[in-house]
Every structure is written in structure tokens, then in C-alpha cells.
Amino acid sequence: MFQLKIDQEFNAPVATLFNAWSKPEVLAKWFAPGDMSVPEAELEFKKGGQYRIVMENKEREQFIVGGKYLEIDSPNKLVFSWQWSTSPHITQVTVLFSELADNKSKLELIHNEFETQEFCDKHHQGWMGCLANLPRVL
């Protein structure tokens, strides 16, 4: 199995960064790479709760991901399953949040259980695109 890991710092308090993952109206503003949009974001933000996120490109082609929240430790840790609507394979995402000096925070994202390096690399590119959009809501 393959895994990706991304570390990134943000100019926002850790609670603000964590909340960007927990509120559908905020998540919808950043949770798609590049110029894609999020027309639908449904979050049942509690342990065992489900989520469903629809990403849409300029051609109106939709990419739907969903899963279940496995662990929520606000504002430190978030663990959830990840499954594309077109795939039977389920992966897992762990996001760790830590406070830094001067009201900054660090995000550490680990996405594992990929069957191929190619799929892992595509997700790395997608996550980098999403995280590039995250500062605009912080």
C-alpha cells in the first residue's frame, strides 16, 4: 500500500484551521483543486458521521467523494475514510493540526491505503490544489 504526506503552515490560529474542515459552508469554498468548485458539501461532523462532497470542473463534470468520520479530536486531529463514488477502494485520511507561534498553525495530512503509486501521486496533486485554496477562507 502507498501513502502520501503533506506538511503545510497557515497564517491562522489552529481553531480557525480546524473549523475550515468542519463546516460545510466553509469547506465548499476551498475543498476542490484549482478552479474547480464544490456545488455540494454535506457533513455529519461527528464520530461515525458521514460526509459527501461533490467537486465540479468547468465542463460541469462531477467528482464525488464520501466517507465516514473515524476520529474527531477538535482542534487537534481528524481521521476519515475516503471513497470516490466510482471506486470500490477505500483509503484513509488523517489530518493533524498544531499551534505555532504568532497565531500560525501547521497542518499535517497523511492519506494512506492507496493500491498504486499512480493513484497516490494523483491524490497528492489534488490535495496540494485544495490546500492552495484553503488560505482564502482563513
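Q: What makes Arg 60 count as exposed?
A: Arg 60 has a relative accessible area of 64%. Exposed means over 50%, buried under 20% and partly exposed in between, with a 1.4 Å probe and protein chains only. At 64%, Arg 60 is therefore exposed. A word on the background: this is a predicted model in which local features need pLDDT of at least 70, side-chain atom pairs count only at pLDDT 80 or more, and totals for chains, interfaces and linings use all residues. Residues are numbered from 1 along each chain as its sequence is written, and side-chain values use heavy atoms, without hydrogens and water.

Q: Where does Arg 60 lie, and what is its phi?
A: Arg 60 belongs to the loop between strand S3 (50–56) and S4. Strands (E, at least two residues) and helices (H or I, at least four) are DSSP runs, numbered from the N terminus. The phi of Arg 60 is near 70 degrees, a positive value in a residue other than glycine.

Q: Which value of phi does Asn 103 have, and where does Asn 103 lie?
A: Phi of Asn 103 is about 60 degrees, a positive value although Asn 103 is not a glycine. You will find Asn 103 in the loop between strand S6 (91–99) and strand S7 (105–114).

Q: What omega does the cis peptide bond from Ser 74 to Pro 75 have?
A: That bond is cis, with omega near -5 degrees. As for its setting, Pro 75 sits in the loop between strand S4 (62–73) and strand S5 (77–84).

Q: Why is Ile 72 called partly exposed?
A: Its relative accessible area is 26%, so Ile 72 falls into the partly exposed class. Ile 72 belongs to strand S4. Leaving aside neighbours within four places in sequence, Ile 72 is in contact (heavy atoms within 4.5 Å) with Phe 18, Phe 45, Lys 46, Lys 47, Lys 77 and Leu 78.

Q: How far apart are Ile 72 and Arg 60 in sequence and in space?
A: They are 12 residues apart in sequence and 33 Å apart in space, taken C-alpha to C-alpha.

Q: What makes Glu 56 count as buried?
A: Glu 56 has a relative accessible area of 11%, so Glu 56 is classed as buried. This residue lies in strand S3. Beyond four places in sequence, Glu 56 touches Met 36, Ser 37, Pro 39, Glu 61 and Gln 62.

Q: How do you know that Glu 56 and Gln 62 make a polar contact?
A: A polar contact is a pair of N or O atoms within 3.5 Å; within protein, one must be able to donate a hydrogen and the other to accept it, and residues adjacent in sequence count only if both atoms are side-chain atoms. The side chains of Glu 56 and Gln 62 make such a contact at 2.8 Å.

Q: Why does Ser 105 count as buried?
A: Relative accessibility of Ser 105 is 0%, and Ser 105 is therefore buried. Ser 105 is part of strand S7. A polar atom of its side chain lies 2.8 Å from the backbone oxygen of Ala 12.

Q: In what order do the 7 strands of the open sheet stand, and which are the edge strands?
A: The order is S1-S7-S6-S5-S4-S3-S2, with antiparallel pairing. Strand S1 (2–10) and strand S2 (37–43) are the edge strands, as each pairs on one side only. Two strands pair if DSSP finds at least two bridges between them.

Q: Over how many bridges do S5 and S6 pair?
A: S5 and S6 pair over 6 bridges, in the antiparallel sense. Trp 82 stands opposite Thr 91 in S6.

Q: Which strands does helix H1 touch as it packs on the sheet?
A: Helix H1 (residues 14–22) touches S1, S2, S4, S5, S6 and S7. Helix H3 (residues 117–133) lies across S1, S5, S6 and S7.

Terms used: Axes fitted to C-alpha atoms, helices over the stretch in contact; angles between N-to-C directions.
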